[in-house]
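Please read this briefing alongside the sequence and the 3D structure shown below. The notes are grouped by topic.

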Amino acid sequence: MNKRENWKSRVGLILATAGNAVGLGNILRFPSKAALYGGGAFMVPYFIAFFLMGLPLMIIEWIIGKYAGKHGHGSMTGILGLFFKHASWARVLGSFGVAIPLLICMYYIYIESWTLGFAFLSLFQKMPIPMISDNPQEAVKPYVEFFRAYTNPSITAYTFLIITLAINWLILQRGIVKGIELTAKIGMPAIILFGILLGFIALSSRDWAGLEGLKFIYNLNFSGIKDPKVWIEASGQIFFTLSLGMGAIAVYASYVKKREDVVKAGLWTAGINEFIEVVIGASIAIPAAFAMFSAVAIPELAKEGTFRLGFMTMPAVLMNFPLGWLISFIWFLLLFLAALTSSLALTQPLIALFEDEMKWSHTKSVTVSMILITIGAHLSAFVPNFIDEIDFWAGCVMLLLFGLIEIIVFVWIFGINNFYNELIQNTSLKIPKAFVYVIAFVSPVFIVLITYFWVIKDFTSIILVSEPTKIFARIFLLFIILFLSIIAVKSRKIVLKDLRYLKVITK
Ligand code: PHE
């Protein structure tokens, strides 16, 4: 049997999981969603979703992750199996919790490679020269063209994709402690430092005009509360940013030492993530764009999506500053570090699946995982619509549904009392039982309602598509699920044999 690694230190563990959660979601996706859905109107559902869904699920994933780790499992295939005596159906259901991060990683890593590419292009002063204009469309134009040419994809883009894949490969090959934990120990402090620096630059620019951008986000109001779309997007953001609903937190939790207080660790993870999202993330992109182009331009700019804000609007704004190339470099380096610590986390569930369930060696597990991701990253680079389609299905729909499955299995089927006992055994914090009732009843109702409204509103238009590339993306998605399901069933025998063996030697 492979020996499972443990995180070396408490700080390392917390930084690694914070690195898992803190990613492009905090610095790019959050501000563009907030801008698109009206700033303060978005934040009310956002905070409600955080408390009713995000925090409870975070604690669940930590608890079950630790519990499963003690039994030698880290991937959702193994974890769900563990709860149902390794019945095939449970393991297949768990495969969804491996498919989601794998699919997300396939495009996430490609976007990560853009951030590295743009960081270098900024450093070597190869970015377009800024146009002085109050008209945002005009000012952003050179950067739009530059971005289009880059992601066409250009040879530069392809080169940086290969470099990014190699970096991930190398770190993952070094394992949990020497790879992931070490990267987080260097990366997280740098992320916080660069984030605060850029936030300060953005807010203070043009005589603190950037503050208006922050006010726009924090102008809390209830105008979005009746719009299901805002709820879906806000909840989707909570799942995405906290890395929930796909076993990415659970897999990290499975490597904790026996005595670790996982409830505290969960609170730390959520706390650090939210600080980097609603304080730092809110203080950079939107304020910078506000300072440069005034308020009317913002929803306009956000409409064109996350990439527009990060890769076109932001460089257009930052390059106007004195030493603009340097600030732009720091911006993309910040994005790269945040993305890197997340792409490692998106790959680890698959590695854990191969190691824990198939009993493959670490090297073989990492190699096969990275080959799959390399294939997916190429599809993201060369097949139009692939990124959006996979992001929608894996990064939004499947995430919500799997979150629901997690609650049903780990709280209802495991039993509210059992879950509560597991909870209090694992922490020195006093947790009221009411918290478990919120997890058991409020969180699932919340998820069901959101999915329900969303389904009623747009379902047919979502399901029916005619573009061949979108159909291809969906077929590919099904293929990945099928592949992982086959592994789930095949590895069952290996796991059961191992269990029998364990029984014999412990008798
Ligand atoms: N939470 C990460 C982000 O905000 C994305 C992510 C999701 C990472 C799931 C790992 C697992 O960018």
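Lys359 counts as partly exposed, because the 16 C-beta neighbours inside 10 Å fall between the cut-offs of 12 or fewer for exposed and 20 or more for buried. The model is a predicted one, and in this model Lys359 has a positive phi of about 60° although it is not a glycine. The residue Lys359 lies in the loop between α15 and α16, the latter spanning 362-382.

**Backbone geometry**

- Most residues other than glycine have a negative phi, and most peptide bonds are trans.
- Arg206, which is not a glycine, also has a positive phi, of about 45°, and this residue is found in helix α8, residues 175-208.
- Arg206 is classed as exposed because 11 other C-beta atoms lie within 10 Å, where the cut-off for exposed is 12 or fewer.
- The peptide bond that joins Asn152 and Pro153 is cis, with omega of about 0°, and Pro153 lies in the loop between α6 (136-150) and α7 (155-173).

**Nonpolar core**

- The largest nonpolar core has 177 residues, and those with the most contacts inside this core are Ile100, Ala288, Leu334 and Leu335.
- Helix α5, which covers residues 88-123, gives the most to this core, with 22 residues.
- When its neighbours within four places in sequence are left aside, Leu335 is in contact with Leu24, Ile27, Leu28, Thr115 and Gly310.

**Packing of α2 against α14**

- Helix α2 (residues 24-36) and helix α14 (residues 306-318) pack at an angle of about 115°, and their axes are 8 Å apart.
- The contact is made by Leu28, Arg29, Pro31 and Ser32 on the α2 side and by Thr306, Leu309 and Gly310 on the α14 side.
- Sorted by class, the contact of α2 with α14 has three nonpolar, three polar and one charged residues.
- Leu28 and Gly310, which take part in this helix contact, are also among the residues in contact with Leu335.

**Surroundings of the ligand**

- Which residues come nearest to the ligand? Of the 15 residues around the ligand, these are Gly23, Gly25, Ser243, Ala248 and Ser342.
- The elements that give two or more residues to the shell around the ligand are α1 (10-21), α2, α10 (228-241) and α15 (324-357).
- By class, the shell around the ligand has eight nonpolar and seven polar residues, and no charged residues.

Definitions and conventions
Residues are numbered from 1 along each chain as its sequence is written. This is a predicted model: local features need pLDDT of at least 70, side-chain atom pairs count only at pLDDT 80 or more; totals for chains, interfaces and linings use all residues. A nonpolar core is a set of buried Ala, Val, Leu, Ile, Met, Phe, Trp, Tyr and Cys residues joined through C-beta atoms within 7 Å. Helices (H or I, at least four residues) and strands (E, at least two) are DSSP runs, numbered from the N terminus. Two residues are in contact if their C-beta atoms, placed from the backbone, lie within 7 Å. Axes are lines fitted to C-alpha atoms, for helices over the stretch in contact, and angles run from 0 to 180 degrees between N-to-C directions. Ala, Val, Leu, Ile, Met, Phe, Trp, Tyr, Cys and Pro count as nonpolar, Asp, Glu, Lys and Arg as charged, and the others, Gly among them, as polar. A residue is near a molecule or strand if its C-beta atom, placed from the backbone, lies within 6 Å of it.
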